[in-house]
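Subject: Structure handover

Hello,

Here is the structure for your files.

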Amino acid sequence: MLIEQFASGDSYSTPDSLYSLPRHRWYVIKEAFSPELFNLAISTSSTAKGDLVIDPFCGSGTLPLTSSFLGYRSIGVEVNPFLAFVARTKLSVCNPQSLERAALSILPSIRCGTPSPLEGLSTFCRRRESDKWLFNRSVLRSFEGGWQASESVSGPAKNIVRLMLVRAAMENCNAVADGKCLRYRKEWKDNPYGRQDFLDSFDSWVVKARDDLKDLPIHGSASIINGDARKVLSSLKPKCVSLCVTSPPYLNSFDYSDVYRPETFLIKAVHSNKDLRKVRLASVRSHVQVKWPKPKLNRFGSLYNQTRKQLATKEGGFWDPRIPQMVQAYFEDMHGVLKDLLAVSSKKSRVWLIVSTSAYAGVEIPVDMILAQIGERVGWFLQEIATLRDLRASGQHAIRVPGEDVQPFHLRESAVILSAEPLRKGSTKPRDARSSNQ
Ligand SMILES: C[S@@+](CC[C@H](N)C(=O)[O-])C[C@H]1O[C@@H](n2cnc3c(N)ncnc32)[C@H](O)[C@@H]1O
């Protein structure tokens, strides 16, 4: 039974191991899961080398990269253009010498710097009236000099030097991504980042990337699709996927396009907030940062009905009145994704959904169990819900309803494991993640 394996305390759902792993370390995001999770899913499935595995919410590309090292074919879908760029770049097949040559060729332009179009945009750079700005001008200009010079680099080295330019910019940014938002570093005004800091970061990352290219070649073939999983899945060949391991956005109202906004502008994938809005609209409806179409479906099973009724009693107690609608929209999106996934999955296929429970206005939302019920409704068979770790609810989740004494919830991260074929005798029975918590 997988639950015992999870109980060993390994951080399956955290990116901790990625910071030191070749290629993965080129850009690590806090929301990533670990390669060990994919290894566990593979080892307990009937997936064979050469089979197709998929992550419809691949973020920084942990699954496509891990599966490529092991010789599987993979597809990663990611709506955010910057994260899709990260995932694709980590998979580059590139000669280490070409990377060195490319980096050397752009160094003079980094040193000279060139004015950046971002200097006049929102808080990217200091302006007369601003008291906070993300980049000091010399950092932004070094980046822009390098970026423009990289136009003349050909082959896969181009994307790698570009990713290292972004790394260098973000290491010398006055704010850091901190889950839901960007947080300004302590005393950032007293330790101003400049051109030399940028060059040092760039140089050290090019050296690491060069070493990784030497040490860890890619074996499998992977394709990263920059698009909306809610649309992309239905365009794949039926029955071609043998395993899906994925961590969809959590129902926690985080807007990834906001968290990775500086990087998305830096790589020129968007030029205005209007462009960014398009990315938000193509994202799963797990936040209220944009006005998305209202959900229509509401038949998601008994646990959803129970949750919906509890939420209805808290009207007026939400930090945003659209929260109950967001909850419904989230499950509508996941309903579509699970249905489309089944159509492209082979008979022996499994899906591992890594999700977290949530809470709004004192109402706990058992996202893992609701998704399990939705999975069953669209034709999957529930194999197991395994708790990966306990989480403490943020202040936002534990928000108080006036006059009500609300205790902060202990939320959990779980793996919901669904199978395309019925469970055979002797295989694991469905487990309630809450009972495995006790
Ligand atoms: C929890 S993160 C996944 C992290 C990933 N497992 C990794 O290891 O980096 C969820 C991802 O889903 C993406 N996403 C949100 N809506 C999407 C959609 N409609 N289609 C594809 N990706 C989407 C977000 O941009 C985010 O990168």
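The notes below go from domains to helices, then to the ligand and the backbone.

Residues are numbered from 1 along each chain as its sequence is written. This is a predicted model: local features need pLDDT of at least 70, side-chain atom pairs count only at pLDDT 80 or more, and totals for chains, interfaces and linings use all residues.

Domains
The protein chain is assigned domain 1 (2-81 + 222-263 + 273-437) and domain 2 (96-215). Those bounds come from an automatic or database domain assignment. Over C-alpha atoms, the two domain centres are 32 Å apart. Ten residues of domain 1 contact 14 residues of domain 2 (contact: C-beta atoms, placed from the backbone, within 7 Å). On the domain 1 side, six of the touching residues are nonpolar, none polar and four charged. For these classes, Ala, Val, Leu, Ile, Met, Phe, Trp, Tyr, Cys and Pro are nonpolar, Asp, Glu, Lys and Arg charged, and the others, Gly among them, polar.

Helices
Helices (H or I, at least four residues) and strands (E, at least two) are DSSP runs, numbered from the N terminus. α5 (residues 96-112) packs against α8 (residues 195-215) at about 170°, axes 9 Å apart. Axes are lines fitted to C-alpha atoms, for helices over the stretch in contact, and angles run from 0 to 180 degrees between N-to-C directions. α5 and α8 are therefore roughly antiparallel (under 35 degrees is roughly parallel, over 145 roughly antiparallel, 65 to 115 roughly perpendicular, the rest oblique). Contact residues include Leu99 and Ile110 of α5, and Phe202 and Val206 of α8. That contact has nine nonpolar, no polar and three charged residues.

α15 (residues 367-377) is mostly covered, with eight of its eleven residues buried. A residue is buried with 20 or more other C-beta atoms within 10 Å of its own, exposed with 12 or fewer, and partly exposed in between; C-beta atoms are placed from the backbone. Met369, Ile370 and Leu371 are among the buried ones. Just after α15, glycine 379 has a positive phi of about 115°.

Ligand
The ligand is surrounded by 23 residues, with Ala32, Phe57, Gly59, Thr62 and Ala229 the closest (near: C-beta atom, placed from the backbone, within 6 Å). β2 (73-78) and α9 (229-232) each give two or more residues to this shell. Its classes are 13 nonpolar, six polar and four charged.

Backbone
Glutamate 187, not a glycine, has a positive phi of about 50°. Glutamate 187 sits in the loop between β4 (181-184) and α8.

Best regards

Notes:
Two residues are in contact if their C-beta atoms, placed from the backbone, lie within 7 Å.
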